[in-house]
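I opened my notebook to see what this structure holds. Here is what I looked up, in the order I looked.

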Amino acid sequence: MMGKNTVTSDMKMAEVIHMNYLLLPVINRFGIKLGFGDKTVEKVCRDHGLNLSFFLDIVNTYHDPSYFPRDKMRGYPATLIIDYLLQSHEYYNRTMLPEAEGMIEKLVSTCSGHCEDLRLIEDFYRKYKEELQNHLSGEEIHFFPYVRALVEGKTGGKDLETLRREYNFSYQAHADEHESVIAKLVDLKNILIKYLPPDYDVEVCNNLLYWLFIFEDDLKDHERLEDVILLPVLENIEQQFRNQQ
Ligand SMILES: [Fe+2]
Ligand SMILES: [Fe+2]
């Protein structure tokens, strides 16, 4: 599975950024900031008290679409995965969504013709932002606490169905939300690429598109971690819980 472009523990952290600068925000989510000097990935992880193997698997998952060691990743503690996912949520809320909004506002301000089309884009984006924020906060309030309650045994003697109801958790609703937040981001890109009359500053629109491509890739990797790693981990935890009852 280790290709020549795989991030390894003995690489210098600076080399990792040179190899793929899109990994920078992923690395930041582990509490690591620039200024690594010549430290290796292993040394930086040790200095930050991080699980090296988990760090490498996450970084490589984002770096190389063919790298996805499912079984190994399903072996990590659910709380470790959740802590990483929460950091990603913070990045979407703090950086991804506001930056995209700022770029759209800038685009609207450069309009020189069919401004109503651009205003529709702005409106579409505002609704999208609200939907994604609802999805993220729903996971923070319901999904992750439900997993934590089972892992930590804080279930108050209740059965699984009651707990799911109390935490408002449903596999189907979760899957539907994921499909929608990805599909709408793709729609937004397509409207810009295919249908929007180009009565605006081209460079501003290009920058917005670059940003949306980065956003989509990051969000897809994020949702895949939840769907393909965390949910099967949860199913296992639920099965163990049933067996104990
Ligand atoms: Fe999430
Ligand atoms: Fe999600």
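**Entry 1: the second largest pocket.** I began with the residues that line the second largest pocket: His135, Gly138, Glu139, His142, Phe143, Asn168, Phe169, Ser170, Ala173, His174 and Glu177. A pocket here is an open set of points on a 1 Å grid over the protein atoms alone, where a 1.4 Å probe fits, with protein on both sides within 12 Å along at least five of seven lines; lining residues have an atom within 4 Å of a point. I noted a volume of about 160 Å³, taken as the space filled by probe spheres set on the points, which are joined across faces, edges and corners. Helix 7 gives the largest share of this lining, 5 residues, and helix 9 (171-195) supplies at least two. Helices are DSSP runs (H or I, at least four residues), numbered from the N terminus.

**Entry 2: ground rules.** I reminded myself that this is a predicted model, where local features need pLDDT of at least 70 and side-chain atom pairs pLDDT 80 or more, while totals for chains, interfaces and linings use all residues. Residues are numbered from 1 along each chain as its sequence is written, chains are lettered from A and ligands numbered from 1 in the order written, and side-chain values use heavy atoms, without hydrogens and water.

Entry 3: Donors are N, O and S atoms within 2.8 Å of the metal (3.2 Å for Na, K and Ca); water is not among the atoms, so sites may look incomplete. His135 and Glu139 sit 4 residues apart in helix 7 (residues 115-151), about one turn, and both are buried (under 20% relative accessible area, 1.4 Å probe, protein chains only).

**Entry 4: iron ion (ligand 1).** Which residue coordinates both iron ions? Glu139 does, and the ions are 3.2 Å apart. The iron ion (ligand 1) is also held by His89 (NE2), His222 (NE2) and Glu226 (OE), within a set at 2.0 to 2.2 Å.

How values were computed
Buried means under 20% relative accessible area, exposed over 50%, partly exposed in between (1.4 Å probe, protein chains only).
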